[in-house]
Amino acid sequence: GFLFGSMLISVLSAAMVDLQMTKKDKVGKMRTLRQYLSDSKATQKVTLLVIKQVQQRLSVRATLQEHDVPALHLLSHALRLQLRFDTTRPYLQCHPLFRLWIELDSACMQRVCYEAVSARILRTKDELFGPGQIADAAFVAARGKLSYVAESFIAATCPTEVGSGRWISEAALWAEWTHVG
């Protein structure tokens, strides 16, 4: 009973300290942002848009990526390779070529995943690429949805929703490609 009570108090205390530090960090970031916007003489309209977006993004817990986890550097190269393959395999298997490649030579695909696959996390209103940009990668939507609008010299097309498991900019894998949307 006494040991359990002490552990519970310790865990609660640690959680409260963590919460206070997180709040202090957010307040500091907002203070610095407001100072920057004031010093830069940003218009009131842009200032409000910037503050609103930053506040919204600070309120959502960011998804951790590999580079955010220092302990992963303690793993052997072989285990890091296996981990990357394990976490990216479901998305690669959405593509027929990669699905076949995984079946034929899983070890080779593990190396490809480690050398050529990375995560890019987008938030609301982020742009993955824009018209006229050279395509240097293909993308697969892992979670959520993206909106794609192809643009031409005449007009923009209606937005197309790209859902989870769908590939985007696949042409970059096979040819030199310039984005049109």
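Predicted model: local features only at pLDDT ≥ 70, side-chain atom pairs only at ≥ 80, totals over all residues.
Modeller: Residues are numbered from 1 along each chain as its sequence is written, and side-chain values use heavy atoms, with hydrogens and water left out.

Biologist: In what order do the elements of the protein chain run from the N terminus?

Modeller: Helices (H or I, at least four residues) and strands (E, at least two) are DSSP runs, numbered from the N terminus. The protein chain has five helices and six strands. Their order is α-α-α-α-α-β-β-β-β-β-β.

Biologist: What radius of gyration does the protein chain have?

Modeller: The radius is taken over C-alpha atoms, and the globule rule is 2.2 Å times the number of residues to the power 0.38. For a compact globule of 181 residues, a value near 16 Å would apply, but the protein chain has 22 Å.

Biologist: Is Gly 181 buried or exposed?

Modeller: Gly 181 lies in the segment after β6 (177–178). Buried means under 20% relative accessible area, exposed over 50%, and partly exposed in between (1.4 Å probe, protein chains only). Because its relative accessible area is 10%, Gly 181 is buried.

Biologist: Which residues does Gly 181 touch, not counting residues up to four places away in sequence?

Modeller: A contact means heavy atoms within 4.5 Å. With that exclusion in sequence, Gly 181 touches Phe 129, Gly 130, Pro 131, Tyr 148, Val 149, Ala 150 and Glu 151.
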